[in-house]
Amino acid sequence: MIKYLTQRLLIAIPSLLGISIVVFTVLALAPGDPFSELATNPNVPPEVQTMLRAKFGLDDPVPVRYLHWLTAMLQGDWGFSFANRINVSTLILQRLPATLLVLGLSQVLALIIAIPVGVGAAIKPYSVFDQIASTLAFIGFSLPTFFTGLVFILVFSIQLHWLPFIFRTDLNVTGWRWYWEEFRQSIMPIAVLGLYQGASWTRYVRSAVLDVISLDYVTTARAKGLCERAVITKHVLRTALIPIVTLVALQMPAIFGGAIVTEQIFRVPGIGSLLINAILANDTPVIMSVTFVFACLVVFFNLIADLLYGWLDPRVSYR
Amino acid sequence: MREAELRELVAQVKAGELSRRTFIGKMVALGLSAPIGAQILNASGIASELPKSDYKPTKPGGGGRLKGLLWQGPTLLNPHFAVGTKDQIGSRVFYEPLAQWDPDGNLFPILAAEIPSVANGGVAADGRSVIWKLKQGVKWHDGEPFTADDCVFNWEYARNPDTAAVTIGDYRDITVEKIESHAIRITFAKPTPFWARAFVSDFGMVIPKHVFEGYLGSKSREAPNNLIPIGTGPYKFVEFVPGDLVRGEINPNYYLENRPYFDSIELKGGGDAVSAARAVLQTGEFDYAWNLQVEDEILRKFEENGKGRVVIEWGVNIEIIALNFSDPWTEADGERSSPKTQHPIFSDRAVRDALNLLVDRGSIAKFIYGRTGAATANWLNAPEKVTSKTTSWEISIEKANQILDSAGWAKSPDGVRTKNGKKLKFLFQTSINAPRQKTQAIVKQACQKAGIELELKSVPASVFFSSDVANPDTYTHFYADLQMWTPVTGAPPDPEQMMEQFTSWELTSKANRWQGRNVRRWRNDDYDRMYRAAQSELDPVKRAALFIEMNNLIIKERVVIPVVWRADVVGLSTSIRAILTPWDSPFWQLHDWYREA
């Protein structure tokens with residue numbers, strides 16, 4: 001187990017390095033300049049811009065800049081934001097909780113929807129319930145999150161006035177009111193992401209359960225006289241979950257992608273909106289670090305998926 | 001209008017026959033900015049009356065929370081590092097300058113006890129020094145007194161190249177000394193008619209010496225207080241999340257009576273302009289939204305809800321079509337559009353005249369920009385309703401055709417005019433932005449009718465406005481015949497900086513890594529001479545006359561074709577009372593903002 005884990009972690013290193021090289025090169029080749037706003041402002045002499053560029057090492061050749069970045073990163077220094085003039089790590093740590101909260105809860109919501117609905121649909125395939133669930137699922141994953149986000153805002157904020165559409169970090173209430181307000185403002189971003197994921201996962205759960213439910217061992221379990229509930233939860237679901245776990249883990253990058261858009265729409269101060277602002281400001285160190293954090297998260301979730309296999313299916317062994 | 005006429009007008013104001021406001025209105029009509037009008041009057045010894053505040057609250061605080069929305073949130077809170085307007089707005093909540101620009105273009109004292117003038121002995125007659133008297137009894141948020149030492153420190157801080165302050169331009173060529181505990185003298189190397197740069201407005205916000213003392217020069221970026229401002233402003237710092245949130249609470253020791261009204265202030269960042277407009281105008285979730293670059297039609301629809309109103313401020317932003325005076329199609333010394341070359345067709349004045357007649361500014365302003373743009377004939381702003389006497393614009397395809405006919409440009413069978421084998425075919429570029437593409441289409445249509453073929457090109461804004469030396473599509477490279485954009489003209493409302501971008505020493509070229517501001521590559525000795533004269537002309541009347549003449553020269557020579565005068569658009573809750581100015585930060589009088597029941 002430990003050996004397997006170290007092996008996996010060692011394999012992750014070259015892939016992360018590769019990712020960082022690609023991202024860095026693309027960023028270096030992309031147009032734009034963190035100080036272009038200064039260049040157009042006649043109040044600021046052009047030397048200021050030249051000086052700032054030199055100070056932040058922007059005039060060095062790309063490979064040199066990459067090596068600088070890498071050595072600093074290895075020492076735990078994530079770099080210094082051009083736009084904010086503070087350490088990138090501070091910026092990311094400030095933003096991470098909101099992203100993890102929204103993403104985490106939306107994934108929980110997606111699973112809460114996907115598993116029961118998918119199982120229900122698979123137990124009685126082509127029933128009315130299955131038909132309705134399938135139709136809704138199709139609609140759900142066909143609509144992109146930025147679209148559903150805007151529709152939610154129009155319906156629940158503008159027309160019905162039920163929910164605020166601007167996520168505020170500093171709610172000026174305390175106690176239970178705070179939880180209530182926090183809930184009210186989080187519900188739309190969470191629902192948008194959760195429903196989208198839930199819809200596609202419902203389809204996967206349904207087909208995974210369908211595959212398993214007709215196997216002989218399930219018939220055996222039923223023949224033993226186990227109640228249907230035990231058959232489904234103990235025998236069917238556990239086996240069916242194996243492909244689902246892979247899927248959930250592998251879809252993490254897509255979810256982060258969706259989160260970036262959703263965070264921007266609802267003004268959730270997470271790393272997604274940090275990334276967008278950084279891209280707009282051409283703030284390379286921040287873009288680099290955020291994409292790197294995303295890359296690490298993807299690698300990390302893949303590892304978790306592999307570890308979960310063993311727990312779900314003891315036949316899988318770590319070698 | 002010549003110098004003599006200007007003097008006559010000033011005399012009328014002095015005699016009380018003409019009100020200050022009318023005078024400034026007339027100046028604006030001439031294509032001069034309001035501040036320079038005010039400057040003329042101040043120099044003539046006609047004191048400006050401070051604008052009357054209609055501030056009603058009778059005690060500080062009790063107003064709840066003021067909620068602002070900036071769709072680009074402030075990224076740092078040190079005014080000396082403020083890269084963009086968003087950062088300046090964030091800093092302005094906590095920091096204050098010595099003086100700022102009111103809606104009429106007058107200087108309004110904040111940390112200064114009074115505005116220096118020749119009459120009160122503040123401004124030296126030779127234009128080489130200015131004395132600022134500072135307000136007594138002002139305290140920093142941590143209780144330390146504000147004194148002349150702080151001002152001197154700001155000068156030392158900003159002028160040090162290692163600090164890498166963006167304000168260095170205003171501070172490096174001056175000397176600041178303390179003459180009393182609450183008075184400073186600024187000395188200039190040469191006579192400086194426009195002295196109100198250092199310590200004024202956004203670039204003039206003052207930071208405390210006792211906090212930043214240890215962080216001068218290269219250590220500047222380590223200062224913890226770059227993120228934790230300690231200023232003199234109406235609100236004290238509470239919390240800052242870069243790009244997302246700025247939060248402040250009432251400064252109970254603020255030096256102005258009964259101010260501020262709100263108990264706390266919150267600026268939320270992120271999102272986009274349309275939803276920001278929605279939050280203020282339609283749902284009323286927020287009180288203030290900044291820079292609403294949204295189509296007027298949408299703004300009107302949101303406004304119908306009665307929750308908020310749109311405030312339109314006319315500053316110095318002019319959308320122009322610039323003509324390339326160099327040759328974008330021939331390479332000289334390794335660069336295209338080299339200032340050493342001449343445009344093969346635009347050197348014919350008739351073509352420039354014809355193009356000037358083919359831009360339907362009226363329709364563009366009315367149908368594309370709505371309330372947020374006005375057709376204009378001037379580079380130095382003027383609203384349509386008070387058209388300048390010396391410049392005017394018109395749209396006439398017929399006249400354009402006549403001019404081209406008589407200049408010998410004959411229509412060939414494909415409908416495009418030619419002469420000596422040269423075809424009237426131009427590349428017209430701009431950045432990607434819906435109103436700009438619509439404008440391009442309107443101009444193209446008119447040109448077609450006059451036998452001029454325009455090829456339209458649109459470049460993503462992030463590329464077009466970047467200073468990337470290697471990218472040929474930036475607006476400074478100008479590898480096209482025509483291009484449209486709104487040149488950034490600089491914060492101080494004096495026209496000096498706005499006019500500098502037509503001088504020959506600002507010519508954009510490979511040699512200056514395309515950083516020169518004379519993107520059009522136009523060169524005119526008369527213009528250079530007038531500009532030099534205006535730079536050191538101490539008589540404001542003569543100086544104003546020079547600026548009018550410079551404006552007229554650019555317009556007559558068709559160096560630029562002004563399209564629309566663009567307004568700054570702000571959303572305000574209907575209950576908020578606030579005075580805004582186009583010449584300064586929206587928060588220039590944040591201490592006077594209050595909510596009416």
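Strand S1 (residues 65-70) of chain B runs parallel to S9(B), and the two pair over six bridges. Arg65(B) is the residue that stands opposite Ser264(B) in S9(B). This is a predicted model, and the predictor gives the complex an ipTM of 0.76 and a pTM of 0.82.

**Around strand S9 of chain B**

- S9(B) also pairs with strand S8 (residues 245-250) of chain B, this time in the antiparallel sense and over five bridges.
- In that pairing, Leu245(B) stands opposite Lys268(B) of S9(B).
- Strand S9 (residues 264-269) of chain B is largely enclosed by the rest of the structure, because five of its six residues are buried.

- Two bridges join S13(B) to strand S14 (residues 417-419) of chain B, in the antiparallel sense.
- Lys411(B) has Arg417(B) as its bridge partner in S14(B).

**Chain B as a whole**

- Chain B contains 17 helices and 21 strands.
- Its radius of gyration is 25 Å, close to the 25 Å that the globule rule gives for 597 residues, so chain B is as compact as a globular protein of that length.
- The C-alpha trace of chain B spans about 80 × 55 × 55 Å along its principal axes.
- Of the 597 residues in chain B, 54% count as buried.
- Among contacts in chain B between residues at least 6 apart in sequence, 67% join residues at least 24 apart.

**The nonpolar core**

- The largest nonpolar core has 229 residues, and Ala289(B) and Leu358(B) are those with the most contacts inside it.
- Setting aside neighbours within four places in sequence, Leu358(B) is in contact with Ile397(B), Ala400(B), Val443(B), Ala446(B), Cys447(B) and Ala450(B).
- In soluble globular proteins, nonpolar side chains tend to be buried together.

**A buried loop residue, Asn78 of chain B**

- Asn78(B) sits in the loop between S1 and helix H4 (85-92) of chain B.
- Is Asn78(B) buried or exposed? Asn78(B) counts as buried because it has 26 C-beta neighbours inside 10 Å, and the cut-off for buried is 20 or more.
- Leaving out neighbours within four places in sequence, Asn78(B) is in contact with Ser91(B), Ile207(B) and Asn226(B).
- Asn78(B) and Ile230(B) are 152 residues apart along the chain, while their C-alpha atoms are separated by 9.9 Å.

**Where the two chains meet**

- The contact takes 38 residues from chain A and 45 residues from chain B.
- On the side of chain A that touches chain B, the elements giving two or more residues are helix H2 (36-39), helix H3 (46-55), helix H5 (88-123), helix H7 (145-159) and helix H12 (271-280) of chain A.
- H3(A) gives the most to this side, with five residues.
- The residues on this side of chain A divide into 18 nonpolar, 13 polar and seven charged.

**A buried helix residue, Ala199 of chain A**

- Ala199(A) lies in helix H8 (residues 176-213) of chain A.
- Ala199(A) counts as buried because 22 C-beta neighbours lie inside 10 Å.
- Not counting residues up to four places away in sequence, Ala199(A) touches Ala137(A), Gly140(A) and Phe141(A).
- From Ala199(A) to Phe141(A) is 58 residues in sequence and 5.6 Å in space, C-alpha to C-alpha.

- Chain A averages a pLDDT of 83, and 95% of its residues score at least 70.
- Among the elements of chain A, H2(A) has the lowest mean pLDDT (66), and helix H6 (residues 128-142) of chain A has the highest (90).
- Chain B averages a pLDDT of 87, and 90% of its residues score at least 70.
- Over residues 382-388 of chain B the pLDDT is below 50, and this stretch has 22 contacts in the model beyond near neighbours in sequence.
- Where pLDDT is low, the predicted coordinates should not be read in detail.

Key:
Residues are numbered from 1 along each chain as its sequence is written. Chains are lettered from A and ligands numbered from 1 in the order in which they are written. Two residues are in contact if their C-beta atoms, placed from the backbone, lie within 7 Å. Helices (H or I, at least four residues) and strands (E, at least two) are DSSP runs, numbered from the N terminus. Ala, Val, Leu, Ile, Met, Phe, Trp, Tyr, Cys and Pro count as nonpolar, Asp, Glu, Lys and Arg as charged, and the others, Gly among them, as polar. A nonpolar core is a set of buried Ala, Val, Leu, Ile, Met, Phe, Trp, Tyr and Cys residues joined through C-beta atoms within 7 Å. A residue is buried if 20 or more other C-beta atoms lie within 10 Å of its own, exposed if 12 or fewer, and partly exposed in between; C-beta atoms are placed from the backbone. pLDDT is the predictor's confidence in each residue, from 0 to 100. Two strands pair if DSSP finds at least two bridges between them. The radius of gyration is taken over C-alpha atoms; the globule rule is 2.2 Å times the number of residues to the power 0.38.
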